[in-house]
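Dear colleague,

Please find the structure below, handed over for your review. A short account of the findings comes after it.

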Amino acid sequence: MRIEEHPVLDFERGEKITFTYNGQEIEAYPNETIVAALHAAGIRQLGESPELHRPRGLFCAIGNCSSCFMTVDGEPNMRVCVIKCKQGMVVESQKGKGVIRV
Amino acid sequence: MKKAYDTIIVGGGIVGCSIAFELAKRGVKDILLIERGYLASGATGRCGAGIRQQWGSKLNATLAVESTHIFENLESYTGYNYSCGLNQAGYLLIACTPKEWDQFQINLDVQHELGVESHVVDLEKDVYNYVPFINTDGIYGATFCQKDGHADPFHCTFAYAQGAKRMGVEILTYTTVESLIAEQGKIKGVHTSKGDFEASRVINCANGWAPGLAAQVGDEIPVFPERHQALVTEPVAPMGPNGPMPMVMSFHRRFYVQQSPHGSFIMGIAEDEPISFNYRSSWQFLEECCSIITNTLPALRGLRVVRQWAGLYDMSPDHCPIIDFSKNAEGLLNICGFSGHGFMIAPRVAILVANALCQQEDAIDIHMFSADRYRTGDILIEPSVV
């Protein structure tokens, strides 16, 4: 679901692109965040709590709360609520602490 | 609250709290510990949290080895219900000059004499079994000791403090000791922000502020405060061979870095600092620290820094602690000058001090720590400090 019309905001989303989330192809726009595209595709669980591994959804949406950590193009602990979509990017959900590739 | 005590301890860091515990354990009643902030709010809580036995002098190695044995059982030793966070992931010490490498060989002999399980690490392949992503350019050699590691400075301090409280020690936080009260060559008590307290024995463990208090009764303690900064990164999955990455430390490049059990990396460098009570953070540190450490450990480049802070080292001329019975005010004991490694040797130092005050025997002679050593020349040389 995306908001199509808004009383004071204009949405200049750009041309439609795609990226993969856990192998699944997701439709997105370059001017929206990864979280917006996932949300539109019906994906609501983003991260998990560090100790008890309980599901975490979109919470602060401004890159502060660490609720939406994912691995983006191999880089862990990315705050996907503030990262914009790019054609062909590989997004993976993150279980537990992020793994730094050596 | 009472106004008169047998013993007053000034300073609620690991040194003050462990001495309170050891004294109470030896049956000393009527102890008051006074701390300016909260427990471990000074140098203890700001330290790099490392536990190292790979020392160059027999004295420091002995103190560290025996302290490590206590850290290994600190929860049961003090009756603490939480974990003190000990994680013996090891220390990898790297030598960056031939001269430093020669010194390491001498250090190894000292350590082996005391039973420390340190050993040389082959730089061609073996080193990657300890730190899989280390850049060995410019490194001459390395030594490793598995029993070195990390402990939580807050939990360790609280463990001692709780144990002490259970044995009747009173702890007064958010109270500043403003001056010492001495009459006719004897200590009488302390003047604090919450009134005066009498005591016939005062133990001054106020870190960088200890010399200032001691000077009020005429004791000259050559210890100076020096700012040291540290930073911590976001937590990531363990990056060592079987858990967190061991401490990697270089005296020549003047840095230390280790992964805490939580997954974050704690790191710091030694900078040229003036004598000062300044403990504000600087951006210069952030830049230089990251640059030096990612040179040796390039894989850490992608990590985000979450917090940076500073604390005070209480530097003594020979980088060894001063335990000095006052000559100007009988009953005053000044303990400071740990020079950045107070946390890891505090458990044994506390036993040494408590034994001396309770006239019990100790294998180490406490008088060698006296500030007189700078006059007589019997200084305690330690070649391996950052």
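Predicted model: local features only at pLDDT ≥ 70, side-chain atom pairs only at ≥ 80, totals over all residues.

Residues are numbered from 1 along each chain as its sequence is written, while chains are lettered from A and ligands numbered from 1 in the order in which they are written.

Nine residues of chain A and eleven residues of chain B make up the contact (two residues are in contact if their C-beta atoms, placed from the backbone, lie within 7 Å).

An automatic or database domain assignment divides chain B into domain 1 (4-46 + 154-224 + 318-376) and domain 2 (87-149 + 226-311). Six residues of domain 1 of chain B touch six residues of domain 2 of chain B.

Chain B also holds an open sheet of eight strands with mixed pairing, ordered S5-S6-S4-S13-S14-S15-S12-S16. Strands here are DSSP runs (E, at least two residues), numbered from the N terminus, and two of them pair if DSSP finds at least two bridges between them. Strand S5 (118-121) and strand S16 (305-315) of chain B each have a single partner strand, so one side of each has no neighbour in the sheet. Strands S13 (residues 247-250) and S14 (residues 255-259) of chain B run antiparallel and are joined by three bridges; Val248(B) is opposite Val257(B) in S14(B).

Yours sincerely

Technical notes: Helix = DSSP H or I, 4+ residues; strand = E, 2+ residues; numbered from the N terminus.
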